[in-house]
Amino acid sequence: MKGNLNTTIEALFGAQTRLTEAEFDRCFLENYARIAAVAFRLTSDPDEAEDLASETFGKLWQEPPQRNENLAGWLYRVVTNLGYNRLRSARRRAAYELQAGRYEWQDQTGSAPEAEAMRSQEREQVRAILKQMPRRDVQILVLRSSGLSYKEIAESLKIAPSSIGTLIARAERKFELLYSRGGWDALE
Amino acid sequence: MHLNENLLRAFIDDELPTAQKKTAAEHLAGCEKCSVHLRELQSRSRQVSKKLQILAPLAGEIRSSPQIALRSFVRQKEKPMSTLLKRPAWVAAGLAVILAISLLFPPVRALANSFLGIFRVQQVQVISFDPANLEQYNNAQTGEAVNAFFDKNIKVTSESKFTQIGSQEEAAVLAGFTPRLPAGSKVSSLGITSQESVEMSIDATMLNAALEAFGYPDVKISSELDGQKITATIPAAVTAAFGECPDQSTSPESMAGCIVLIQLPSPTVTAPDNFPVVELGEVMFQVMGMSPDQAAQLSQSFDWSSTLILPVPSGQGTQTSDILVDGVQGTLIREPDMRYLVIWVKDGILYGLSGIDNLQAGLRLVESLE
């Protein structure tokens with residue numbers, strides 16, 4: 001009964017209001033492309049990215065944020081959270097899997113197979129590093145890489161805007177350290 | 001005083017406010033240490049950014065357009081029942097009350113009075129539903145919650161009493177209207193059920209929690225409505241029995257020779273103006289088992305101001321159909337044990353005809369009503 005009580009209290013005092021269908025659709029259409037792009041950065045696979053984006057909007061539908069919260073920011077936070085979870089639980093993709101997807105990607109992107117394979121491998125390397133980093137560092141780096149401003153990142157991840165600079169600098173240092181340890185090409 | 005890392009990093013990304021940016025630039029111009037620090041951060045930032053850019057999707061790697069993605073998302077989420085099962089059962093009890101009120105009155109009186117009806121009944125809409133849909137909410141906790149809700153929020157302000165009476169004239173006086181009786185048929189017994197009023201206090205919090213639990217959180221009962229009343233008034237009814245009618249029906253067989261006719265002025269229900277009737281109606285229909293589309297369609301096309309909803313449990317062979325009776329469209333409900341109920345509304349009077357295995361005889365009675 002206690003579990004039910006908590007849920008009820010949440011329901012009664014959380015002041016959550018679901019979005020109307022119209023509001024949801026509008027939010028979806030406005031934000032899907034960007035959220036899907038972030039999802040892709042964390043998954044490096046079109047199907048998984050779609051799935052992750054869908055999961056993110058699913059949360060918007062079922063458990064939306066408080067009324068006064070910026071929806072785009074919230075979506076960024078959710079997609080990077082969910083994406084980070086997937087990243088951590090994903091096993092390293094075997095080379096042959098990357099090969100299998102190669103031809104499909106070629107159709108989509110129009111580039112030569114060698115470039116494809118190279119890119120897949122590089123992506124795996126980057127993801128392997130992110131996988132070893134703390135959640136918030138990954139969120140910050142991915143969102144910054146996606147083009148969000150300091151203010152947007154701060155709002156989305158609920159961090160003080162005045163500390164974004166430091167947090168990025170630290171995350172970059174960690175990334176560099178892990179990358180050089182990995183024994184791959186040294187950063188130029 | 002040197003520039004801290006936070007400031008330097010923000011400077012690199014041009015994220016400093018103008019004044020601060022100017023100050024920093026000025027400082028850097030004259031400070032070697034900070035310039036070195038800046039270049040270090042810049043270099044690292046460029047390297048890391050280059051690596052992270054590899055993750056960015058190329059054209060074609062994001063397959064769905066937002067429109068297509070939305071369509072497939074919408075198709076996926078059209079599964080209301082699955083969310084219902086995850087909800088705490090006792091919170092759902094509040095919504096079960098909406099149906100419970102409908103089923104408050106004994107079937108013989110044929111008045112499952114929906115509190116969603118407003119104003120005067122002009123027609124009756126029978127809706128079949130499968131009680132199994134409600135089974136999931138039927139447990140000790142929900143039972144408790146429903147009782148608590150009834151105790152707290154529902155008040156019968158005038159209880160009906162049945163009185164046997166002797167004549168049509170007496171009935172007219174006591175009931176406030178002249179009942180119609182069949183010409184030539186002998187009435188076995190005549191009775192009056194006095195007026196009954198039921199008052200429900202709106203408990204917006206509870207109802208909204210219940211709606212949320214059922215998966216309809218965008219149907220909201222405004223807190224403005226808290227404490228306001230919904231009242232249902234069932235006017236005095238005249239019951240006329242024909243044929244061999246035992247005092248207490250012990251078995252269907254014992255009732256086989258008996259036909260009962262009930263009539264009363266249309267019940268009325270009053271509710272606050274901004275009570276979300278159509279939305280709640282939709283919820284009720286879905287709970288009863290309709291698909292969201294059907295429920296929406298029905299609720300929106302309904303004339304809630306003049307239609308009485310009569311939920312009839314289906315299954316176990318109960319059949320409902322339209323029937324022409326007393327010159328109007330009525331509803332016939334039949335049970336497998338040959339029990340039947342015909343309901344119709346004519347000239348502001350709601351009628352119910354009930355019997356067992358004697359429908360034709362009953363209809364003949366109605367034909368001869370004066």
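Let's start with one residue, Asp326(B). At 15% relative accessibility, Asp326(B) counts as buried. Keep in mind that this is a predicted model. Where does Asp326(B) sit? It lies in the loop of chain B between β12, residues 319-325, and β13, residues 328-334. Asp326(B) is not a glycine, yet its phi is positive, at about 55 degrees.

Now take another aspartate, Asp347(B). Its phi is near 50 degrees, again a positive value in a residue other than glycine. Asp347(B) is in a loop as well, between β14 (339-346) and β15 (349-356) of chain B. Is Asp347(B) buried or exposed? It is exposed, with a relative accessible area of 71%.

Stay in chain B, but move to the helices. Helix α2 covers residues 18-30 and helix α3 covers residues 32-53. They pack at an angle of about 110 degrees, and their axes are 6 Å apart. Angles of 65 to 115 degrees count as roughly perpendicular, and α2(B) and α3(B) are therefore roughly perpendicular to each other. Which residues meet there? From α2(B), we have His27(B), Leu28(B) and Gly30(B). From α3(B), we have Glu32(B), Cys34(B), Ser35(B) and Leu38(B). By class, that contact has three nonpolar, three polar and one charged residues.

Over to chain A. How many helices and strands does chain A have? Nine helices, zero strands. Chain A has 188 residues, and 46% of them count as buried. Its accessible surface comes to about 9,400 Å², with 50% of that belonging to carbon and sulfur atoms. Now look at contacts in chain A with a separation of 6 or more. Residues 24 or more positions apart account for 65% of them.

Last topic: aromatic rings. Over all chains, the count comes to nine aromatic pairs. One of them is Phe24(A) with Phe73(B). Why is this pair called stacked? The ring centres are 5.3 Å apart and the planes are at 25 degrees, so the pair is stacked. The cut-off for stacking is planes under 30 degrees apart. Phe24(A) lies in helix α2 of chain A, residues 21-43, and Phe73(B) lies in helix α4 of chain B, residues 66-77, so the pair joins two chains.

Which residues make up the cluster around them? Phe24(A), Phe28(A), Tyr32(A), Phe57(A), Trp61(A) and Phe73(B) form one aromatic cluster.

Terms used
Residues numbered from 1 in each chain as written. Chains lettered and ligands numbered in written order. Predicted model: local features only at pLDDT ≥ 70, side-chain atom pairs only at ≥ 80, totals over all residues. Heavy atoms only, no water. Phe/Tyr/Trp six-rings, centres within 6.5 Å; stacked < 30°, edge-to-face > 60°. Helix = DSSP H or I, 4+ residues; strand = E, 2+ residues; numbered from the N terminus. Buried < 20%, exposed > 50% of the residue type's maximum accessible area, 1.4 Å probe, protein only. Contact = heavy atoms within 4.5 Å. Areas by Shrake-Rupley, 256 points an atom, 1.4 Å probe, with all protein chains shown as cover. Axes fitted to C-alpha atoms, helices over the stretch in contact; angles between N-to-C directions. Parallel < 35°, antiparallel > 145°, perpendicular 65-115°, else oblique. Nonpolar A, V, L, I, M, F, W, Y, C, P; charged D, E, K, R; others polar.
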